[in-house]
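Morning, everyone. Let's talk about disulfides today. Please look at the model first.

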Amino acid sequence: MMRYHFMGKVTTSTPLLFKSKLLCFSLFYLFTALFLALYTSLSQSKCLFRSSPFDPLQTPLFSYPSSYGEHKYALPTHRSTCSSPVFFTDYWTVLKEIRDLCRNSSLASPVLSYMQGQADSFGGNFSTQKRISYFDHENSSVEVPCGFLKKFPISNYDLVEMENCNGVVVVSAIFNDHDKIRQPKGLGSKTLDNVCFFMFIDDVTLNGLDYHKVISKESPQHKVGVWRIVRVSSKDLYENPAMNGVIPKYLVHRLFPNTKFSIWIDAKLQLIIDPLLLIHTLIVSENADMAISKHPFYVHTMDEAMATARWKKWWDVDALKTQMETYCVNGLRPWSRKKLPYTSDVPDSAMILRKHELSSNLFSCLMFNELEAFNPRDQLAFAYVRDHMKPKLKLNMFEVEVLEQVAMEYRHNLKHIGGTSGREEGSKKPKSKRTRRAGSDLLYVNGSCCSKCQKYLLEMWGESHK
């Protein structure tokens, strides 16, 4: 406020700056928006994830050559809030509790006996009825087929390191040079003393890493940051690189026989939360055998099967039809409230957390057998195995928003350079097989109503009288 003397009178005048109503409104809007943004960011109704413990590692885990492009092609997160928020306990409390659980012999449960012997394939490739016969494991003396019916082609150096891993292991794999090796973020200062990190790769991926000078092919042992690199000779396994990736994904309990907990993470993901916090929050606190994210779009297995064909995620539509009809004949049903506490039939299996006990180990063995029998699209066999196995699996199917908050997703490698072809010999798709666009009649026979999955489809579409 300013005062003026005019003809003996004192007058007051408001500065022009405060006479503008538009300016006043703008300032009010600005401060209100800032207040709301701050309130929203701190609100307890949002997902609260601790990105790092109180005492995080500060030094870089690995320095990549500039040509490698570790952080290229990140995918945006589409959801900013959680319908099912999770809250992490203090890092030091978690560290002590998981250490105690791993040391405590009471954690051990009845163990599976695994089938031994020699076979033409890594898993034995058993018939449908033979595989079904192992679903009910009430007789603990029965040996369960669980891979390793051929030698797993890795070095003795790696084998010893895997057997010496106790407690918690984080496992990933890159076959066919399909992804980059990325370092986890937010690790606590004691995590590397209590968690093993193993990355399985094939020769094609090794060639790419050697080309970028990340590692040298000449060395018998490799380490990239936290990751111990395990070279797998794929020529002695499956022609399909994706199927070779299924081995560490579902047989982690056999590769690491002395671990109590594990996290599988697809190489397209980068962990941004300490794995001990994840294990404690999603497994220990929930008293679960296994934790896995729900699929963001699908609830029913048949929806995923149709999408698999429609988006060419698997090239053999006839084989997909055979697989689904086999499952329908043997009792697969669409998801309904009768399946609770299982909240969905379709997972996003990019991250799987397990407690290595009988139920989760049996589930992993049965899943691997189905994937070898049909294809490595594990969402298709998931509900069929889960619903029919005994003993039942204690499963924590968390919301997809949780997965998006604890891991960063990146695009797959778009091209292969450095002398790698992008395909291993024998991995090419047969030229005679062509993917045809899938519709609602995917599982019908010649368009008629006689599909073996007709009952499933009627129930899924809500047309059944039952």
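A search of the whole structure finds 3 disulfides, meaning pairs of cysteine sulfur atoms within 2.5 Å. A disulfide is a covalent bond between the sulfur atoms of two cysteines.

Some ground rules. This is a predicted model, where local features need pLDDT of at least 70, side-chain atom pairs count only at pLDDT 80 or more, and totals for chains, interfaces and linings use all residues. Residues are numbered from 1 along each chain as its sequence is written, and side-chain values use heavy atoms, leaving out hydrogens and water.

Take Cys146 and Cys365. Their S to S distance is 2.1 Å. The link is left-handed, with -80° about the S-S bond. Cys146 sits in the loop between strand E4 (143–144) and helix H4 (156–163), and Cys365 in helix H11 (residues 358–373), so the pair ties together parts 219 residues apart in sequence. Helices (H or I, at least four residues) and strands (E, at least two) are DSSP runs, numbered from the N terminus. Cys365 has 0% relative accessibility, so Cys365 counts as buried (under 20% relative accessible area, with exposed over 50% and partly exposed in between; 1.4 Å probe, protein chains only).

Next, Cys165 and Cys196. Their sulfur atoms are 2.3 Å apart. This link is right-handed, at 115° about the S-S bond.

Then Cys328 and Cys453, with sulfur atoms 2.1 Å apart. The torsion is about 105°, so this disulfide is right-handed. Both Cys328 and Cys453 are buried.
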